[in-house]
Number of protein chains: 2
Amino acid sequence: MTSPASPALPAFFTQYQTEVGAELRRLMDRAGGGPVREAMRYTLLAPSKQVRAVLTLLAADLAGNRGRALTAAAAVEVVHAASLILDDLPSMDDAPLRRGQPSNHRRFGEATAILAAFGLLNEAFAAIARTYDPPLASRLTTLLADAVGSDGLIAGQVEDLLSTDRDIGFETLERIHRRKTGALFSAAATAGALTAGAGPDTIAALAAYAKNLGLAFQIVDDLLDVTGSPEETGKAVRADAKKTTFVSFSGVDGARELAGELCQTADAALAPFGRHADRLRELSAFVVARRA
Amino acid sequence: MTSPASPALPAFFTQYQTEVGAELRRLMDRAGGGPVREAMRYTLLAPSKQVRAVLTLLAADLAGNRGRALTAAAAVEVVHAASLILDDLPSMDDAPLRRGQPSNHRRFGEATAILAAFGLLNEAFAAIARTYDPPLASRLTTLLADAVGSDGLIAGQVEDLLSTDRDIGFETLERIHRRKTGALFSAAATAGALTAGAGPDTIAALAAYAKNLGLAFQIVDDLLDVTGSPEETGKAVRADAKKTTFVSFSGVDGARELAGELCQTADAALAPFGRHADRLRELSAFVVARRA
């Protein structure tokens, strides 16, 4: 946390990203033709860290079997890409840039962008139903739907929009980001564990790790909005000026400290796994140390 | 087809609508709180004919067991409501009225409307995963995702938008509406048959019936846009002036004739079932005879 430069990606990260990228392209090749598919691919396949998918794969590793985790990891990224397209819309954050390129609606128009987001959510559920044996598919579907639904992404996004230009308390801010980011992080880790047949204790520990990691990740995003450039972050910066963020609440140093504490809390949940969880610890170290 | 007034609903219709309405309210009661849920309920629970859900229940009846069809019927209506919210958005048809009330975005704002549509699609998949045994849930998920995806609602909607203010051929028009309406009608019937454990021949016959019924339904909608009033249709009329419709293509009389022919084709698929399919025949007679 003291280095001014962003740390290098952990070595295993690159390999996992390659696997996830190949799976995402495979899913999109199945998704039929036309302008909606092009818009779906545009955001989904643009360069990104794929932290959530890597988290799914690492959780499956920890639970002892990564062999079935790839489609679940990809489905989580598909849902995440859908949420990015929605967040950027003119009626929401009206963001011009995402993942180093014009945002989806700037490139394809608003209607196609909305349909692309809808199509991505649909494809996430389709991929799960196609890939997994039915009992596992049902659990993954419920898990993902809960992360999207009324205590997840959608609830967080609407509360975020309602909070713009308003004073909100720390509890509200925390709840927004627990829903907007923490819920899908938690589902990502749980999904990986489920595909590996993990028991409830392992799942609970991984979900606790991921929830705190997600919140730390969001705080670092808020920091990058203040301290970064579009070239470094791939999106417009100083975009949160009208919003209460962890930085506007606690200042740059306070937010950085909070992110560090959340990563420690995350890592504490990994204690029962000893050295087997080292890669997850590398992931949290990377997440909290990202800097612009 | 010669009566100038809309025919009465078939008697069984009212009972089925009541059952579907109760199931939809039950699903929404589970969907959590806040402004998104209110927006979801607003369009989903507004008075409507629920033709698609009734079709699901009738298909299950025909296949011999309606006992498990209700959630599938509701899920189809949930997906349909999501698609209506999207179709009405300013970036799409910019429709002021739907189901006899201001359209979702006019009532709740665009951002909440988009999130409500997203939440409804999510809830449809969640309800299926929660309700059905996993093998059936997986089949229903795939069925519904195919009806939404790149050869269904989304593909039809984007092609519809691209066709506005353009000359399109009859084949294109037919393909748009096969995707926008036919695909979900076909999935509705198939879903009902699947919940009843129907075999492939029954499923194929019901899907063929429903596909043609859906197209006939759309043509009658086009007719009502020309001949009806907002009070009668619950939405703005003469809204399709910039679009090629079945009426602009074939004239009022030609479109009415085409709808009649499609219903005959639909009914022909029911021949193997004899009198057991009488209620489905009542449904198609009702669909084609709707008038403003």
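The legends below describe close-up views of a predicted model. Residues are numbered from 1 along each chain as its sequence is written, and chains are lettered from A in the order in which they are written. Because the model is predicted, local features need pLDDT of at least 70 and side-chain atom pairs count only at pLDDT 80 or more, while totals for chains, interfaces and linings use all residues.

**View 1. Confidence of the model.** Within chain A, helix α4 (residues 70-88) has the highest confidence, at 98, and helix α11 (residues 230-233) the lowest, at a mean of 83. Helices (H or I, at least four residues) and strands (E, at least two) are DSSP runs, numbered from the N terminus. For the complex, the predictor gives an ipTM of 0.95 and a pTM of 0.95.

**View 2. The contact between chains A and B.** Chain A and chain B each give 41 residues to the contact, two residues being in contact if their C-beta atoms, placed from the backbone, lie within 7 Å. On the side of chain A that touches chain B, the elements that give two or more residues are α2 (35-44), α6 (110-131), α7 (134-148) and α8 (153-163) of chain A. The largest share, 14 residues, comes from α6(A). This side of chain A has 23 nonpolar, 13 polar and five charged residues; Ala, Val, Leu, Ile, Met, Phe, Trp, Tyr, Cys and Pro count as nonpolar, Asp, Glu, Lys and Arg as charged, and the others, Gly among them, as polar.

**View 3. Packing of α6(A) on α8(B).** The axes of α6(A) and helix α8 (residues 153-163) of chain B are 10 Å apart, at an angle of about 175°. The two helices are therefore roughly antiparallel (angles over 145 degrees). Axes are lines fitted to C-alpha atoms, for helices over the stretch in contact, and angles run from 0 to 180 degrees between N-to-C directions. From α6(A), the contact takes A111(A), T112(A), L115(A), F118(A) and G119(A); from α8(B), I154(B), Q157(B), V158(B) and L161(B). Six of the residues in this contact are nonpolar, three are polar and none is charged.

**View 4. The largest nonpolar core.** This core has 210 residues, and those with the most contacts inside it are A216(A) and A216(B). A nonpolar core is a set of buried Ala, Val, Leu, Ile, Met, Phe, Trp, Tyr and Cys residues joined through C-beta atoms within 7 Å. Not counting residues up to four places away in sequence, A216(B) touches A259(B), L262(B), C263(B), A266(B), V287(B) and V288(B).

**View 5. Two loop residues of chain B with positive phi.** Q50(B), which is not a glycine, has a phi of about 55° and lies in the loop between α2 (35-44) and α3 (51-62) of chain B. Q50(B) counts as buried because it has 23 C-beta neighbours inside 10 Å (buried: 20 or more other C-beta atoms within 10 Å; exposed: 12 or fewer; partly exposed: in between; C-beta atoms placed from the backbone). R99(B) has a positive phi near 50° and is found in the loop between β1 (97-98) and β2 (101-102) of chain B. With 20 other C-beta atoms within 10 Å, R99(B) is also buried.

**View 6. E257(A) in helix α12.** E257(A) is in helix α12 (residues 246-268) of chain A, and is partly exposed, with 14 C-beta neighbours inside 10 Å. E257(A) and I219(A) are 38 residues apart in sequence, and their C-alpha atoms are 9.9 Å apart.

Note on methods:
pLDDT = per-residue confidence, 0-100. Parallel < 35°, antiparallel > 145°, perpendicular 65-115°, else oblique.
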